[in-house]
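Have a look at the sequence and the model, then read on.

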Amino acid sequence: MDAVEKAKKPFMRGDIVVYTLLLILSLILFIVTLGVKTERSNGFSVYFDGVEILKCDFENKSVTVIDNSIVKKIDDANYTISTNLGVNEIEIDFTESSVSVVDTDCGLSKECMHMSFSDGIIVCAPHKIVIRPTNLSGELIIG
Ligand SMILES: [Zn+2]
């Protein structure tokens, strides 16, 4: 084996490893994307510190306030969630089957206001608020 071949072989082996990893990665991404797309959400649940406080069904346009000491209704689409940790206001879009945080006092970055429901889950960590999509049978969608 001459010097050129010695230098070539590990490089090629490394190439195969990289391509194999890329192939596996793209397969995983494809499956994950497929799984999320097929399991369409038709509602969501809001949790405070792991306890469900509100649930919504987009199709029936029904909103159920489970803990009315925390959740206050502003109108059909807007609800205020206020706990000892702070306040979040959510807005439900029934036509787009979506929900978003439209106001909060959780910090300067207000990260929960920039999270998209279509990505799966909205979390306001400082306020221990989680908004999770639910599927047709009202079960949680993991993803
Ligand atoms: Zn927040």
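Predicted model: local features only at pLDDT ≥ 70, side-chain atom pairs only at ≥ 80, totals over all residues.

Let's start at a turn. In the hairpin of β1 and β2, two residues lie between the strands, and Asp49 takes a positive phi near 55° there. Residues are numbered from 1 along each chain as its sequence is written.

**The overall layout**

The chain holds one helix and nine strands. Going along the sequence, the pattern reads α-β-β-β-β-β-β-β-β-β. Of the 143 residues, 20% count as buried. Buried here is a matter of counting: a residue is buried if 20 or more other C-beta atoms lie within 10 Å of its own, exposed if 12 or fewer, and partly exposed in between, with C-beta atoms placed from the backbone. As for contacts between residues at least 6 apart in sequence, 33% of them join residues at least 24 apart. A contact means that the C-beta atoms of two residues, placed from the backbone, lie within 7 Å.

**Who pairs with whom**

Strands of a sheet pair through backbone hydrogen bonds, either parallel or antiparallel. Two strands are called paired here if DSSP finds at least two bridges between them.

| Strands | Sense | Bridges | Facing residues |
|---|---|---|---|
| β1 and β2 | antiparallel | six | Phe44 and Cys56 |
| β2 and β3 | antiparallel | four | Cys56 and Val63 |
| β1 and β9 | antiparallel | six | Gly43 and Thr134 |
| β8 and β9 | antiparallel | three | Ile122 and Ile131 |
| β6 and β7 | antiparallel | six | Asp93 and Ser98 |

**Turns with a positive phi**

Most residues other than glycine have a negative phi, and most peptide bonds are trans. A few residues in this model go the other way. Lys61 has a phi near 50°, a positive value in a residue other than glycine. Lys61 sits in the loop between β2 and β3, a hairpin with four residues between the strands. Why does Lys61 count as exposed? Because Lys61 has 12 C-beta neighbours inside 10 Å.

Ser97 is not a glycine either, yet its phi is positive, at about 50°. You'll find Ser97 in the loop between β6 and β7. With 18 other C-beta atoms within 10 Å, Ser97 is partly exposed. The hairpin of β8 and β9 has four residues between its strands, and there Lys128 in the turn has a positive phi of about 55°.

**The nonpolar core**

In soluble globular proteins, nonpolar side chains tend to be buried together. A nonpolar core is a set of buried Ala, Val, Leu, Ile, Met, Phe, Trp, Tyr and Cys residues joined through C-beta atoms within 7 Å. The largest one here has 21 residues, and those with the most contacts inside it are Val46, Ile53, Leu54, Cys56, Ile81, Ile90 and Val99. The elements giving two or more residues to this core are β1, β2, β5, β6, β7, β8 and β9. What does Val46 touch, leaving aside its neighbours within four places in sequence? Val46 is in contact with Ile53, Leu54, Ile81, Ile129 and Ile131.

**An isoleucine on the outside**

Ile74 lies in the loop between β4 and β5. Ile74 counts as exposed, because it has 11 C-beta neighbours inside 10 Å. Not counting residues up to four places away in sequence, Ile74 touches Tyr79 and Thr80. Ile74 and Glu91 are 17 residues apart in sequence, and their C-alpha atoms are 9.8 Å apart in space.
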